[in-house]
Amino acid sequence: MKIKLLKSLVVIGAFLCFGFIQAQEVTGTVSDVNGPLPGASVLVKGTTTGTQTDFDGNFTLNADSDATLVFSYIGFLTQEIAVNGQSTINVVLQEDAQALEEVVVVGYGSQAKKEITSAVTSVGEEEFNKGVVNDPASLLQGKVAGLSIYNKGGNPNEDPVVRLRGISTIGANSEPLVIVDGVVGASLNNVDPNDIASINVLKDGSAAAIYGTRGSSGVILVTTKTGGAGGTSVDYNGQFSLASPARLLPVMSGDEFAAAGGVDLGSRTDWLDLVTITAATKINNVAVSGGDGNSNFRVSANFREAQGILYNSGFKQYNTRANFSTRTFNDKLRIDFDASYTKRNSNFSFTEGLRYGLLYNPTAPVLGADSPFQFDSETYGGYFETLGLFDSFNPVSIVQQGTNQGSKDEFTYSANFKYNLTDAWDLTALFSQQSSKILNSGYAPTTLLYLGNASSPTRKGLAQLYTEERNFKLFELYTSYNTSIGESTNLSLTGGYSWQQQNQFDYFLSAGGFPNNKLQYLNALEWSTDLDNAGFANYGSNNWPNDRIIAFFGRASATINNAIFVNASLRREGSSRFGEGNKWGLFPSVGVGVDLNQYLELNNVNLFKVRLGYGVTGALPPTFGLSQPQYQDDGSRLSAVPSLEPNPDLKWEEKAETNLGIEFATNRFSGTLDLYTRDVSDFILLATIETSQSVTGANQQYQNAGKLQTKGLELSLNYDVVKQDNLSYNTGLNFTTYKSTLKEFITPQEMRANLGSPGQNSTEMIRVKVGEEIGQIWGPVFTGEVVDGSQVLADVNGDGTLNTGQDQALAEDGDFAILGNGIPDFELGWSNQLTIGRFDVNAFFRGAFGHSLVNTFRAFYEPRVGSQGSYNFVNTKYADPSITNAQFSSLYVEKADFFKLDNLTIGYNFDIGENKYIKGVRLNVSGQNLFTITGYTGADPEPQLVDIGENTGGAFNALGSDPLAPGIDRRNNYFSARTYAVGLNINF
């Protein structure tokens with residue numbers, strides 16, 4: 001009996017002891033010398049039990065009394081501390097100098113920041129633009145010197161125009177190459193902004209040359225968020241915003257219009273108010289992440305529902321991303337797997353709703369029932385129309401009756417295998433595949449006058465379909481070897497192979513002539529009368545099979561005495577887009593840098609580096625098969641005629657760039673200055689040729705011609721004004737300026753950018769001339785006098801004869817002058833980050849100065865033209881009622897300098913105490929585009945870096961893009977919005 005009792009007591013005692021060991025709760029704070037570290041990992045050694053610190057650096061977890069806790073944070077030395085029965089453990093982590101240097105991702109690897117000899121800018125998550133950001137590129141707007149990002153008007157369905165150091169090409173792709181987690185050519189639209197951890201921008205030729213032809217316009221390296229050790233973490237980010245038009249072009253009210261002599265139809269209608277809305281955007285993001293010492297994961301889901309300020313415009317988007325990383329074979333093999341999927345359904349609406357909202361008669365009624373005269377409302381769906389006028393359509397009818405929508409599906413996956421053959425030698429293999437499918441459709445019902453031809457007795461209604469599918473495959477294999485030469489030199493060698501292949505096909509279909517409005521015949525095309533009438537239906541299809549790039553590349557990097565840095569790379573690349581004799585190109589780069597502070601030993605200076613880099617990149621032709629003859633239908637559908645003369649001698653477009661940089665840093669101040677010269681030669685352009693020079697009889701051929709030189713300066717400054725535990729203030733400034741000069745071209749000079757109809761369809765506004773800067777707005781000069789309703793134009797050359805006809809624009813005796821330039825003289829970005837206790841404030845200002853814009857709304861609708869008495873009049877401060885004849889001149893070219901508060905965000909981190917379920921809660925409110933200081937009278941003073949042209953009214957979304965004609969504020973442009981948002985972040 002006693003033995004049994006003793007056994008029972010031993011078991012109970014052991015159980016109690018085990019229970020006490022298991023149940024011990026440990027709390028504490030993880031910090032560095034500057035304060036708490038939110039998101040630091042706390043892991044029970046040898047287990048998967050762990051947690052992460054909250055916004056205040058606090059943690060709570062259960063651990064055995066004899067356990068050891070492992071504390072870690074990126075950029076800091078890992079610490080291990082035995083519990084030994086302690087209930088409170090506070091840790092101060094020390095910076096890991098070596099780890100802090102290894103943060104900059106470059107082509108096919110990474111380098112210590114001080115060892116980089118090219119122009120590379122890194123932007124972390126904490127530096128991204130705040131507020132409502134629906135596309136990843138906008139995270140960087142104004143943040144990187146030399147990187148221009150403009151989405152003029154802020155259309156939610158349009159990608160911003162992205163230019164790095166100005167124009168990099170004319171005939172090829174001018175957007176920077178995007179690389180997401182090592183996948184070359186990845187789609188930036190398949191990455192949700194909430195999933196991005198950092199973005200590195202390779203700006204100069206020496207940095208981008210290792211990517212060959214695809215790096216000619218610069219390289220943007222995106223690193224997405226991953227999981228980390230310390231147990232499972234759940235993060236929720238939610239945001240709700242409201243947006244309304246920020247600026248509208250001033251036009252006359254109904255009473256003002258009637259008093260000015262306009263045709264008074266009896267109503268008083270604010271058309272812009274009827275076609276614009278207060279747009280709501282809802283964003284929800286949930287991410288689950290975690291891991292242990294060997295494996296980690298992160299899975300996220302993002303839901304976005306964004307409205308545009310134009311009625312029936314916006315999109316709904318679902319995006320999910322997953323990444324998994326693990327180490328095996330004694331930590332020698334690392335496997336990274338990433339996958340992402342995006343589904344977006346868009347309503348494009350019609351930007352013509354904004355255009356006609358400005359110019360439509362403000363005394364006209366919305367509905368035909370309110371017409372002052374007998375009107376057949378039923379024919380037009382119940383809406384009123386001013387029939388018989390050129391380019392005059394009821395804007396409310398357009399946005400409410402028309403359909404213009406699309407869907408896009410994108411899927412990407414990649415697998416990366418990195419094996420450490422030795423401590424100094426590793427081998428990496430990457431395979432990735434991307435697929436995308438686009439389906440756009442537009443429908444104008446039989447009752448819609450715009451596009452639908454509702455006034456016609458025959459062929460009413462129009463349906464259009466466009467489908468595109470792309471499939472991209474990537475395989476890369478490369479190896480890296482690190483060694484030392486003596487005690488003073490470290491050497492790193494990288495060499496590899498890259499294989500890329502894209503397959504694409506698309507088709508377009510347009511048909512009209514539907515019997516009634518009982519069906520949306522977009523889904524019943526067999527009813528189209530175009531099927532019975534030759535020449536009306538429009539069909540088109542294209543196929544790009546096996547569009548391949550194959551490359552071999554190598555790079556060598558040396559560090560001497562931790563003060564002298566040398567980098568060199570070489571890429572040999574071949575493309576199937578060229579003929580047999582010119583498939584391959586060679587793209588070298590070299591760079592050298594010296595940290596002068598290693599020799600000068602300046603007090604309180606961490607870095608004083610001077611670097612010089614040179615690199616050559618290339619550009620591919622804009623399309624496939626240019627070395628082969630191409631044909632088109634002769635009109636009979638029975639035979640073909642040559643459309644394009646083959647050019648087997650077509651070669652790579654090349655860009656050679658030299659960059660001189662200076663970097664300086666102390667504990668609180670840092671600055672970078674870059675001076676560069678870029679020469680782009682052998683543009684791949686479509687030229688007109690004499691048929692006598694043609695083998696096939698075609699009169700067009702793609703040729704290498706032209707040379708463009710850009711010289712620029714970039715300056716970035718950053719200063720920690722105050723840096724204390726509960727108070728900090730950091731401010732940063734980016735300054736960019738550049739000039740692009742055309743050195744050679746296919747013609748000595750030419751005019752571009754047609755103003756359009758009504759009445760000015762033969763007026764071109766941009767001069768392109770060899771030896772001159774790009775972006776010259778060219779035209780007659782208004783003297784300020786008006787005679788008989790017409791502007792008195794200046795005799796520019798003083799020869800006593802006034803020659804201002806369009807045919808005299810380039811003549812030696814023509815009276816034309818430079819009226820402005822569409823490219824800014826300089827651009828500024830000014831960031832400010834203030835933290836006071838639990839509050840933080842982020843204010844970002846942005847500006848562009850020296851550029852001009854042609855205000856096309858004013859050019860058409862400001863003159864009081866008698867024949868246009870049924871169009872509303874633009875009523876800016878420049879309006880002169882005595883001008884009754886339309887004539888393009890300097891009067892309609894305006895300086896568009898601006899300075900704006902782009903974003904203001906105020907956040908608060910709540911003190912949630914010791915909560916085992918919630919680690920942190922943050923609430924923020926933000927405003928975007930809060931104020932703009934400008935003298936420009938148009939809707940948006942942002943630069944227009946490319947000319948999108950005039951929409952002819954005959955197609956859905958059929959606009960172009962001309963980089964040689966910047967500075968035209970077209971009537972198709974979306975209007976800018978002012979946005980207010982509230983956001984909530986919860987970490988579980």
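At 36% relative accessibility, Asn312 counts as partly exposed. Asn312 sits in the loop between β20 (295-307) and β21 (314-328). Its phi is positive, about 65 degrees, although Asn312 is not a glycine. All of this comes from a predicted model.

Leu451 also has a positive phi, near 70 degrees, and is a residue other than glycine. The loop that holds Leu451 runs between β24 (425-444) and β25 (462-485). Is Leu451 buried or exposed? At 14% relative accessibility, Leu451 counts as buried, because the cut-off for buried is under 20%. Another backbone feature is found at Pro758. The peptide bond from Ser757 to Pro758 is cis, with omega near 5 degrees. Pro758 belongs to the loop between β39 (749-756) and β40 (760-769).

## A covered helix and a buried serine

Helix α6 spans residues 352-359 and is mostly covered. How many of its eight residues are buried? The count is eight of eight. They are Glu352, Gly353, Leu354, Arg355, Tyr356, Gly357, Leu358 and Leu359. What covers these buried residues? The cover includes α5 (271-275), α7 (395-401) and α9.

Helix α9 (856-861) also marks one end of a loop that runs to β48 (893-895), and Ser870 lies in that loop. Ser870 counts as buried, at 16% relative accessibility. Which residues does Ser870 touch, leaving aside its neighbours within four places in sequence? Ser870 is in contact with Phe257, Val263, Asn361 and Leu389.

## Aromatic pairs

A search of the whole structure finds 37 aromatic pairs. One of them joins Phe578 and Trp652: the ring centres are 4.6 Å apart and the planes stand at 45 degrees, so the pair is tilted. This pair links distant parts of the chain, 74 residues apart. Phe578 is in the loop between β28 (564-575) and β29 (584-595). Trp652 is in the loop between β32 (640-644) and β33 (653-666). Phe578 is buried, with a relative accessible area of 2%. Trp652 is buried too, with a relative accessible area of 6%.

Phe608 and Phe664 also pair. Their ring centres are 5.9 Å apart and their planes are at 80 degrees, so this pair is edge-to-face. Phe608 lies in strand β30 (residues 605-619) and Phe664 in strand β33, so the pair ties together parts that are 56 residues apart in sequence. Phe608 counts as partly exposed at 22% relative accessibility. Phe664 is partly exposed as well, with a relative accessible area of 26%.

## A ring cluster and two charges over rings

Tyr108, Tyr211, Tyr478 and Phe553 form one aromatic cluster. Rings also meet charged side chains. Arg344 lies over the face of Phe315, at 3.6 Å from the ring centre. The charged end of Arg767 sits over the ring of Trp778, 3.8 Å from its centre.

## The largest cavity

Rolling a probe the size of a water molecule over the atoms shows where empty space is left. How many cavities of 30 Å³ or more does a search of the whole structure find? There are nine. The largest cavity holds about 780 Å³ of space. It is lined by 41 residues, and the closest to its centre are Val132, Asn151, Gly154, Gln928 and Thr979.

Several elements give two or more residues to this lining: β18 (233-245), β19 (279-291), β20, β46 (839-849), β49 (898-909), β50 (920-934) and β52 (977-987). Strand β49 has the largest share, with three residues. By class, the lining of the largest cavity has 13 nonpolar, 18 polar and 10 charged residues.

## The second largest cavity

The second largest cavity has a volume of about 180 Å³. Its lining has 17 residues, of which Ser118, Ser206, Ala207, Arg555 and Asn567 are the closest to its centre. The elements that give two or more residues are α3 (205-208), β28 and β29. Which element gives the most to the lining of the second largest cavity? That is β28, with three residues. The lining divides into seven nonpolar, nine polar and one charged residues.

How values were computed:
Residues numbered from 1 in each chain as written. Heavy atoms only, no water. Helix = DSSP H or I, 4+ residues; strand = E, 2+ residues; numbered from the N terminus. Buried < 20%, exposed > 50% of the residue type's maximum accessible area, 1.4 Å probe, protein only. Contact = heavy atoms within 4.5 Å. Phe/Tyr/Trp six-rings, centres within 6.5 Å; stacked < 30°, edge-to-face > 60°. Lys NZ or Arg CZ within 6 Å of the ring centre and 35° of its normal. 1 Å grid on protein atoms, 1.4 Å probe; cavity = no way out; pocket = protein on both sides within 12 Å on 5 of 7 lines; lining within 4 Å. Points joined across faces, edges and corners; volume = space filled by probe spheres on them. Nonpolar A, V, L, I, M, F, W, Y, C, P; charged D, E, K, R; others polar.
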